[in-house]
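Take a look at the sequence and the model below. This report walks through some of its parts, one at a time.

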Amino acid sequence: MSSDLLFGPSLTTPEMAEAVSDRAWLKAMLRFEAALAQAESSLGIISESNAAEIVAACNPDLFDLALIGRQAVASANPLVPLVDELRRAVGPEVAHDVHRGATSQDAIDTAMMLVARDGLDLILAGLSALATRCAELARHHRSDPMAGRTLLQRALPITFGLKCANWMIGVLEARRSLAVFHKNRLAVQLGGPVGTLEAFGDRGFEVTSLIAQELGLAAPEIPWQTTRNRVAELLTGLAIAAGAAAKIAVDLLLLSQDEVAEVAVANPGRSSSMPHKRNFVQAVEARVAFAGAAAHAGMLIGLSPGEHERAAGSWQAEWPAVSETLRLTAGAVDRTVQALTGLQVNTDQMRSNISTASGGVPDVGASEAIIDRALAIYAREISDGRTTA
């Protein structure tokens with residue numbers, strides 16, 4: 001999952017590439033192990049001194065990512081070799097308190113929530129920027145008529161501002177859903193080998209709550225290791241957000257065709273053989289990124305009915321899918337923001353392309369009133385550049 005692929009453009013942002021990197025996952029797993037030790041120490045399950053040694057050893061700089069990756073093949077997950085290394089780091093007298101009462105899925109699922117939180121922070125900011133750009137275009141072109149098109153044929157007139165307002169609402173709706181998920185559904189997973197919290201006696205929920213407080217995640221009512229709804233919700237929400245961006249990209253590609261010529265890209269891509277072309281590469285990349293995000297989301301929904309108390313394969317498929325969907329969604333949003341930045345809008349050509357019998361002023365219906373209502377929604381949701389949940 002390199003972010004600098006040779007074939008297939010780098011469909012993400014540098015910030016997201018870092019947020020979902022192997023190192024980010026390593027840091028998140030170690031944060032779980034440190035929080036677990038701290039919680040157990042607070043409740044007297046392990047000693048304060050042992051917890052302090054474990055926390056000190058949970059330093060990502062002390063671990064060889066490449067080695068852990070190679071060793072992960074033997075156990076089908078990276079947590080096993082990571083815990084082995086962590087136990088070696090603290091020494092034999094403390095090793096038995098490392099990862100005490102937890103299982104690989106607890107650490108990896110919680111790490112997934114931490115990685116997702118950082119990734120969602122970036123995507124929510126990107127969606128706010130995209131909504132803002134759409135709002136600016138909607139205001140500026142509130143009264144500029146153009147042909148509405150249904151089934152790829154000219155229909156009744158609308159305004160370009162209405163098209164931009166509709167783009168904006170799609171982005172805001174997608175962002176709203178992800179903001180609610182960010183607030184309510186990012187949760188610690190702690191259940192032990194089969195989800196019974198057996199190693200903690202009657203204090204398992206206390207341990208979970210303390211870990212949640214330390215990591216800034218929600219404490220679930222019960223362990224969620226067998227119920228993968230929240231992972232499917234995350235990827236579905238991301239795919240919807242990528243789709244809202246891709247909708248804009250597809251419209252831009254169609255409007256920029258030579259035969260239509262209603263918009264033009266500010267920073268065109270080059271052709272290897274036709275120097276006259278002004279390729280709308282940002283829109284192309286946004287559409288490609290959405291296709292990938294949707295594929296990963298569909299895959300995980302298909303795999304969500306896992307087997308018994310830990311799925312054989314579908315659970316392991318989640319980790320790369322979450323990273324890749326975050327990566328691609330960020331790419332779709334970023335490329336669409338780029339596509340709209342400096343967009344050249346040919347309002348004369350838009351008017352020329354409207355087919356009217358009388359040749360008079362086009363009747364755009366309630367386009368302007370709809371734009372005003374959409375901008376009022378935007379105003380309610382945007383405060384100092386941030387969209388609220």
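## Helix H7

Helix H7 covers residues 104-140, which makes 37 residues. From its first C-alpha to its last, H7 reaches 54 Å. That is close to the 54 Å expected at 1.5 Å a residue. Keep in mind that this is a predicted model.

Is H7 mostly covered or mostly open? It is mostly covered. Of its 37 residues, 28 are buried.

## The whole chain

The protein chain has 14 helices and six strands. Its C-alpha atoms fill a box of roughly 90 × 45 × 35 Å, taken along the principal axes. The chain has 389 residues, and buried residues make up 50% of them.

The protein chain exposes about 18,100 Å². Carbon and sulfur atoms supply 53% of that area.

Where do Arg88 and Glu85 sit relative to each other in helix H5? They are three residues apart in H5 (residues 79-90), so about one helical turn separates them. An α-helix has 3.6 residues a turn, so residues three or four places apart point the same way. Arg88 counts as exposed because its relative accessibility is 55%, and the cut-off is over 50%. Glu85 is partly exposed, with a relative accessible area of 22%.

## Salt bridges across the sequence

Arg149 forms a salt bridge with Glu262. Here the closest N and O atoms are 2.9 Å apart. Arg149 lies in strand S1 (residues 145-150), while Glu262 is in the loop between helix H10 (229-255) and strand S3 (263-264). The pair therefore ties together parts that are 113 residues apart in sequence. Are the two partners buried or exposed? Arg149 is partly exposed, at 33% relative accessibility. Glu262 is buried, with a relative accessible area of 0%.

Another salt bridge joins the side chains of Lys163 and Asp251, at 3.9 Å from N to O. This pair links distant parts of the chain. Lys163 is in helix H8 (residues 160-184) and Asp251 is in helix H10, 88 residues apart. Lys163 is buried, with a relative accessible area of 18%. Asp251 also counts as buried, at 11%. Salt bridges that share partners join Asp109, Arg228 and Glu318 into one network.

Trp25 lies in helix H2 (residues 22-42). Its relative accessibility is 10%, so Trp25 counts as buried; the cut-off for buried is under 20%.

Which residues does Trp25 touch, leaving aside its neighbours within four places in sequence? Trp25 is in contact with Val20, Ile108, Ala111, Met112, Val115, Trp319 and Ser323. With Ser323, the link is also polar: the two side chains make a polar contact at 2.8 Å. Pro60 gives another distance to check in the model. Trp25 and Pro60 are 35 residues apart in sequence. In space, they are 9.9 Å apart, C-alpha to C-alpha.

Conventions: Residues are numbered from 1 along each chain as its sequence is written. This is a predicted model: local features need pLDDT of at least 70, side-chain atom pairs count only at pLDDT 80 or more; totals for chains, interfaces and linings use all residues. Side-chain values use heavy atoms; hydrogens and water are left out. Helices (H or I, at least four residues) and strands (E, at least two) are DSSP runs, numbered from the N terminus. The expected span of a helix is 1.5 Å times one less than its number of residues. Buried means under 20% relative accessible area, exposed over 50%, partly exposed in between (1.4 Å probe, protein chains only). A salt bridge is a side-chain nitrogen of Lys or Arg within 4 Å of a carboxyl oxygen of Asp or Glu. Contact means heavy atoms within 4.5 Å. A polar contact is a pair of N or O atoms within 3.5 Å; within protein, one must be able to donate a hydrogen and the other to accept it, and residues adjacent in sequence count only if both atoms are side-chain atoms. Accessible areas come from the Shrake-Rupley method with a 1.4 Å probe; for residues, only the protein chains shown count as cover.
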